Amino acid sequence: MADKEQEVARAVDIDIGGARDQWQLANECPLALVYHQRNYAVMLASPQDLTDFAYGFSISERVVSDASEIKSVRAEPNVLGIDLHMEIDQARLERLDLTQRRRHLVGASGCGLCGLDNVDQFLAKLPEVAEVTPTKEAMEKAMAAFSLHQKLNQQTHSVHGAAWVSLEGGIVAMREDVGRHNAVDKLLGARARAAFAGEAFPDGFLMVSSRCSFEIVEKTARHGVGALLSISAPTALALDKAEEAGLRLFARAPGGIARF
């Protein structure tokens, strides 16, 4: 399907020391995720790569187990934003009806846990992943090239990025969003779709432009990724959960790259 997307940035006039110029502002769009006419969540997101987001979010949220259980994705504009309609495997739909959390999940672009009723739901044990240890050279190469692949951020200077990096340090794919969690879901969704289509990404690791929070670790582990490199350090909870999953964490540090 072709994503029906709104503009991802809007030009506005600005004044810099008396000189007139223009600035591209990143768009935030209310995105409603709907499974078989069942409203599940509303997120604020950048309106691009919506199919990737649908796949990544659905797997991260455990609505489905893998890409094969998503039958279709359709984006429909509404007055305020976009409805993202998904058809999923019947068995998964029945499970969703049984386990649907009794809340309205409204996720701001900076938050990954809005609306949860029970703290136990986000402290559930993460699946174990196959540990990956990238070389220092590969991670340094990816860090040096990361900003060059952030096309939207080059325009707006205000969006996060998530990249899939090969073990040689090459950036295979980049996804961007006003929300760091959304950027990760988009990238991991693109990876899941590629694998389902028989065009799997090469072995590698995930790199993110933000700090490494618990939510980023959770999404990474639920997609079976073994290593995560972040621009900023992990939180203590993120490290605890990464150790639980066997996920190796790395972060940029003064003078090099820290391994946690």
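This talk walks through one protein model, from the overall picture down to a few residues.

First, the ground rules. The model is predicted, so local features need pLDDT of at least 70 and side-chain atom pairs count only at pLDDT 80 or more, while totals for chains, interfaces and linings use all residues. Numbering starts from 1 along each chain as its sequence is written, and side-chain values use heavy atoms, with hydrogens and water left out.

Now the overview. The protein has eight helices and 13 strands. Both kinds of element are DSSP runs numbered from the N terminus: helices are H or I with at least four residues, strands are E with at least two. Of the 260 residues, 49% are buried. Buried means under 20% relative accessible area; exposed is over 50%, and partly exposed sits in between, using a 1.4 Å probe and protein chains only. Contact here means heavy atoms within 4.5 Å. Take the contacts with a separation of 6 or more: 57% of them join residues 24 or more positions apart.

On to the inside. The largest nonpolar core holds 27 residues. Such a core is a set of buried Ala, Val, Leu, Ile, Met, Phe, Trp, Tyr and Cys residues joined through side-chain atoms within 4.5 Å. Leu33, Tyr35, Phe57 and Leu84 have the most contacts inside the largest core. Elements giving two or more residues to this core include β3 (29–35), α1 (50–60) and β6 (82–88). Helix α1 gives the largest share, six residues. Another core lies apart from this one, with 25 residues, among them Leu126 and Val225.

Look at β6 next. Which strands pair with β6? β3 does, in the parallel sense, over five bridges. β5 does too, running antiparallel, with seven bridges. Pairing requires at least two DSSP bridges between the strands. A hairpin through four residues joins β5 to β6. Pro77 has Ile82 in β6 as its bridge partner. Five of the seven residues of β6 are buried, so β6 is largely enclosed by the rest of the structure.

Now stay with Tyr35. Tyr35 stands opposite Met86 in β6. Leaving aside neighbours within four places in sequence, Tyr35 is in contact with Tyr40, Phe57, Ser58, Val63, Met86, Ile88 and Leu96.

That brings us to the rings. How many aromatic pairs does the structure hold? Four. Rings of Phe, Tyr and Trp (its six-membered ring) pair if their centres lie within 6.5 Å; planes under 30 degrees apart are stacked, over 60 edge-to-face, and the rest tilted. Tyr35 and Tyr40 have ring centres 5.6 Å apart and planes at 90°, so this pair is edge-to-face. Tyr40 also pairs edge-to-face with Phe57, at 6.2 Å centre to centre and 80° between the planes. Tyr40 is buried at 5% relative accessible area, and Phe57 is buried at 3%. Ring pairs link Tyr35, Tyr40, Phe53 and Phe57 into a cluster.

Last stop, Ser230. This residue lies in strand β11 (residues 227–230). Is Ser230 buried or exposed? Its relative accessibility is 1%, so Ser230 counts as buried. A polar atom of the Ser230 side chain lies 2.4 Å from the backbone oxygen of Ser232. Not counting residues up to four places away in sequence, Ser230 touches several others, including Met143, Cys212 and Phe250.

Definitions and conventions:
A polar contact is a pair of N or O atoms within 3.5 Å; within protein, one must be able to donate a hydrogen and the other to accept it, and residues adjacent in sequence count only if both atoms are side-chain atoms.
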